[in-house]
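The following paragraphs lead through a structure step by step. Please keep the sequence and the three-dimensional view at hand while reading.

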Amino acid sequence: MPNHKHFLVANWKMAMTTHQALDFMKTFSIQEIADSRTQVIIAPSFVTLPVLHQWITQHSISIALCGQNSSAMQSGAYTGEVSAAMLKETGCEYVIIGHSERRILFGEVEPDLSKKVDLVFQAGLTPIFCFGESREIYESGKTNDFLRKQLAPYSSKLPFILAYEPIWSIGTGFIPTHDDLARTADFIRSLFPDTSLLYGGSVNIGNIDDLLQHTTMNGFLVGGASLKPDVFYSLYLTMNQR
Ligand code: PGA
């Protein structure tokens with residue numbers, strides 16, 4: 001895994017067509033990213049990956065590509081699935097695994113998530129593994145117990161990138177208090193000391209500076225605020241100034 005201090009990951013979900021993605025790149029892909037200490041990572045839809053890879057290579061820009069998901073199967077008769085090896089070939093370096101939308105809307109559970117992570121490693125890619133609690137668990141004070149269970153299958157698989165994303169924070173505008181985030185980060189680092197830890201959930205230009213000042217996260221996984229190049233660029237600049 002590249003040794004960057006910070007990661008800024010754009011999770012575009014199902015929001016951008018290839019056309020729109022290219023328009024985004026024309027505005028966003030400034031050369032100075034090349035010398036940055038912040039690794040910018042973009043996770044577009046599968047079908048957009050090859051075109052973005054070509055764009056990034058042609059313009060020699062230091063943006064890494066990421067799949068939003070990959071299959072728990074290696075290869076074979078699995079209609080509609082995309083393997084980690086296929087993502088590698090399209091120029092991906094990272095793959096998001098276990099996003100709460102995949103878990104909640106598409107029923108992704110263990111042991112499939114562990115299999116996915118294994119196959120991502122096998123393909124020579126780095127997993128960005130998402131985990132996080134529901135509002136109910138947060139309010140009942142059982143976050144750490146829940147996270148410990150969610151991460152238990154991964155203790156022998158690390159180091160890779162962990163992205164703490166409380167479900168109640170994704171797309172809602174709510175984020176945990178600094179104290180809660182600091183406590184959760186300390187707890188996760190006590191379990192996985194060598195792992196880069198990202199925070200995701202309603203990160204935007206109004207709160208990123210605060211998050212950088214008051215937490216020890218190694219970066220952010222950004223949904224909504226990653227869709228506009230000027231907004232995403234502001235997030236990048238704020239991170240890079242630190
Ligand atoms: P959000 O999404 O930034 O829109 O809250 C984050 C995510 O789902 O990874």
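Which backbone N or O atom lies 2.8 Å from an oxygen atom of the ligand? That atom belongs to Gly223. The protein covers 94% of the 290 Å² of accessible area that the ligand has on its own, where accessible areas come from the Shrake-Rupley method with a 1.4 Å probe.

The structure is a predicted model, in which local features need pLDDT of at least 70 and side-chain atom pairs count only at pLDDT 80 or more, while totals for chains, interfaces and linings use all residues. Residues are numbered from 1 along each chain as its sequence is written, and side-chain values use heavy atoms, with hydrogens and water left out.

Side chains also approach the ligand. A polar side-chain atom of Lys13 is found 2.6 Å from a ligand oxygen atom, and for Glu165 the corresponding distance from a polar side-chain atom to an oxygen atom of the ligand is 2.7 Å. In total, 13 residues surround the ligand, each with a heavy atom within 4 Å of it. The closest are Lys13, His99, Glu165, Gly171 and Ser202. This shell comprises three nonpolar, eight polar and two charged residues; Asp, Glu, Lys and Arg count as charged, Ala, Val, Leu, Ile, Met, Phe, Trp, Tyr, Cys and Pro as nonpolar, and the others, Gly among them, as polar.

The cysteines form a separate topic. The whole structure contains zero disulfides, a disulfide being a pair of cysteine sulfur atoms within 2.5 Å. Cys66 is buried, with a relative accessible area of 0%, and Cys130 is buried at 1%; buried means under 20% relative accessible area.

Conventions
Polar contact = N/O pair within 3.5 Å; in protein donor to acceptor, adjacent residues only side chain to side chain. Buried < 20%, exposed > 50% of the residue type's maximum accessible area, 1.4 Å probe, protein only.
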